[in-house]
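Hi,

Here's the structure I promised to pass along. Have a look at it first, and my notes follow below.

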Amino acid sequence: MSSVRLEAVSLWRRLQEEASFDLKRRIFTLLKARRYERRRRRVLDAVSLDLPKGEKLGIIGPNGSGKSTMLKIICGILSPSEGKVSVEGSIAPLIELGAGFDPDLAVRDNILLYGVLLGHSAAEMRAKMPFILEFAELDEFADVPVRALSSGMVARLGFAIATDTNPDILILDEVLSVGDESFRNKSRRRIESMWHDHVTVLLVSHDLQFIRESCSRAIWMQAGGIVKDGSPGDVVDAYLRSVDSSAQERLARARARLAP
Amino acid sequence: MVLTERMLRARYRGSILGIVWSLMNPLLMTGVYTAVFGYAFRQYYAGSVLHYALVVFIGLTVIQFFSGSTSQALSSIVVNSGLLNKIRVPFEVFPASTVASHAVQLGIGVLPLLIVVTLFSTHDVFRALLLPLPLAGLILFSAGVAYLMSTIYVYFRDIPHIYELITFFAWVTLPIFYPAAIVPEHVRRFLVFNPLFPTVQSLRDLALGSGWPDLPSIAASLAIGALGLGLGLTIFTWRRREFMDLI
């Protein structure tokens, strides 16, 4: 049984341009009879993917290759221009942690609001509050507005809220590098505790070593498409080989990390 | 809708101060207007300065609700782009919850005061019971404008300056602090085209009038509200698919 299934999914996005955000400038452009052209870009190009339940998928590829976009489509944040997406089970999305908080609200209220937006009830969130605060190590800051927290603290809070669930599908987008060393170890342990056989995991990471060790399958994305799909070892090796001479230095660093 | 309510609760948990403030503001402004114009305009209000003050107060609560809620809702989609990029939330929630939070303040602060005024001046419970109707019209219309403006703001980020002008225009063309009678005849007949006019008219009639309540004004207020919301939501839904690419 597949839990996530993409069938030839393509996504076109409008490019954001300076002029498209300014009414006055737009009017002047029209008055000067300059043609106003909307530009669109294909971000995902006929991506097909079939994940059976319990698969741990590692996703690698350069920045801007569509990794996060694909995860957003799976979460339902973006809807595809073409193709079909089907998802079975509850999703815990962990994307770009900490971006969605209201800076003026206290930590406590943000936890409540955020949890509600994630689909939990307010009562449920109140019950979970102490555990979330404890995990994020923010007990003393419960009534402080989020704007007063450091960026590391905000990321910790986001991680603590989002992982305080029992999802069927876990989506991890570069979240293993949150916070300081001790929190990183703690969050890794929590993710490992969620790493049950029946949970489907989609993980975007530049930590190739982690993907090699913990995933059961990997895909390599480039320019909105899947270049290679297979066992983590093969895909990571192929990816590393392809990184060309201009990125020789990065390659060397990655090899050094893989060597020991 | 459930989400809106929860969001509201999280946001306005126990902020009694906010409600006090939402009452203080129109009361203080009423005081200023009454001090400056009350004496000069009293002849239009049966010679009563108090009557003038009440008329001003009702007008102010209407226009302040409208401009306050819509100009806050204007940026609601764009401001929450971080959230919208992270989790799946229906876009409709944001303008609606902004207007709803203002509506709660209206319901807790202004409405009881209007009921007291109505009971004192007309001794008519029926009129007091009708008060929520024009207020509902006001809320619906404001929600419609909130949807419309938050859609436009996604495309044009310089719209707040223009919108400020529009609200000012609505402010001045509504007979709030002046009697409509001082406006020259050929201008006055355009004042009724202000979409908030029936709301103000019917609220004043309910609170201060006599005889049979001005039902056509109440009906007009509700109709404009429903129409405004329908139009705003239509445009919002029509454009919604593009929002994610632009915020």
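In chain A, 73% of the contacts with a separation of 6 or more are between residues 24 or more positions apart; a contact means C-beta atoms, placed from the backbone, within 7 Å. This is a predicted model, so local features need pLDDT of at least 70 and side-chain atom pairs count only at pLDDT 80 or more, while totals for chains, interfaces and linings use all residues. Residues are numbered from 1 along each chain as its sequence is written, with chains lettered from A and ligands numbered from 1 in the order in which they are written.

Chain A has nine helices and nine strands (DSSP runs, H or I of at least four residues for helices, E of at least two for strands, numbered from the N terminus). Of its 260 residues, 35% are buried, i.e. 20 or more other C-beta atoms lie within 10 Å of the residue's own.

Now to H3(A), residues 107-117: eleven of its eleven residues are buried, so the rest of the structure largely encloses this helix. Among them are A:Arg108, A:Asp109 and A:Tyr114. After H3(A) comes A:Gly119, with a positive phi near 105°.

Over in chain B, H3(B) (residues 49-73) packs on H8(B) (residues 132-155) at about 30°, axes 8 Å apart; the axes are lines fitted to C-alpha atoms over the stretch in contact, and angles run from 0 to 180 degrees between N-to-C directions. The two helices are therefore roughly parallel (angles under 35 degrees). B:Phe65 and B:Phe66 are among the H3(B) residues at the contact, and B:Met149 is one of those from H8(B).

Cheers

Key
A residue is buried if 20 or more other C-beta atoms lie within 10 Å of its own, exposed if 12 or fewer, and partly exposed in between; C-beta atoms are placed from the backbone. Two residues are in contact if their C-beta atoms, placed from the backbone, lie within 7 Å. Angles under 35 degrees count as roughly parallel, over 145 as roughly antiparallel, 65 to 115 as roughly perpendicular and the rest as oblique.
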